[in-house]
Amino acid sequence: MAVQLAKWKGARVIGLASGRNHAFLRELGVDECIDYTTTRFEYTVRDADAVLEMFGGDTVERSLAVLRKGGVFVSVKRTPPPELAAEHGVRTAYVLCKANSRQLHELAAAVCAGHLKPHVSAVLPLAEARQALELSETRHTRGKLVLKVRA
């Protein structure tokens, strides 16, 4: 969804994935794909306005190097230490999702208008919630996993 939202707002998007997932990223709207199994993104990306970092680890520090001065590093995991961000001249933000009815209505309207197209990897019965969590934790699912509550 982040790719689609960025493209809807006019951003040029660079995505990281293994080569076998590049076609999928292009379907989502990614402009340029980098195969993280063969190429370190910090060697090819320069002066990015923003980085959305979703995995943590060493990509946090590596991502700071690709941002332009004044760019923003956004994470769903953790932000770098403030002194490290200041050293690179970038801003940081931590994203924590919480229910917001106004935003959910806006997203629903964007889906209905065709601006956003949710991709569902699998629909599993609620009894398989544990398996869904395990699948999610592999970081190799494409799109969302849906738990079906009723038959």
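A nonpolar core is a set of buried Ala, Val, Leu, Ile, Met, Phe, Trp, Tyr and Cys residues joined through side-chain atoms within 4.5 Å. In this predicted model, the largest such core has 13 residues. Here's a quick tour of that core, its neighbour and a few individual residues.

**The largest core**
- Val45, Leu64, Leu67 and Phe73 are the residues with the most contacts inside this core.
- As background, nonpolar side chains in soluble globular proteins tend to be buried together.

**A look at Phe73**
- Leaving aside residues up to four places away in sequence, Phe73 touches Val51, Glu53, Val60, Ser63, Leu64, Leu67, Arg78, Thr79, Pro80, Arg91, Thr92 and Ala93.
- Two of those partners, Leu64 and Leu67, turn up again with Phe73 on the list of core residues with the most contacts.

**Cysteines**
- Cys33 counts as buried because its relative accessible area, 13%, is under the 20% cut-off.
- Cys112 has a relative accessible area of 73%, which is over 50%, so it counts as exposed.

**Ser18 in its loop**
- You'll find Ser18 in the loop between strand E1 (14–17) and helix H2 (22–28).
- Ser18 is buried, with a relative accessible area of 12%.
- Not counting residues up to four places away in sequence, Ser18 touches Asp35, Tyr36 and Thr37.

How values were computed
Residues are numbered from 1 along each chain as its sequence is written. This is a predicted model: local features need pLDDT of at least 70, side-chain atom pairs count only at pLDDT 80 or more; totals for chains, interfaces and linings use all residues. Side-chain values use heavy atoms; hydrogens and water are left out. Buried means under 20% relative accessible area, exposed over 50%, partly exposed in between (1.4 Å probe, protein chains only). Contact means heavy atoms within 4.5 Å. Helices (H or I, at least four residues) and strands (E, at least two) are DSSP runs, numbered from the N terminus.
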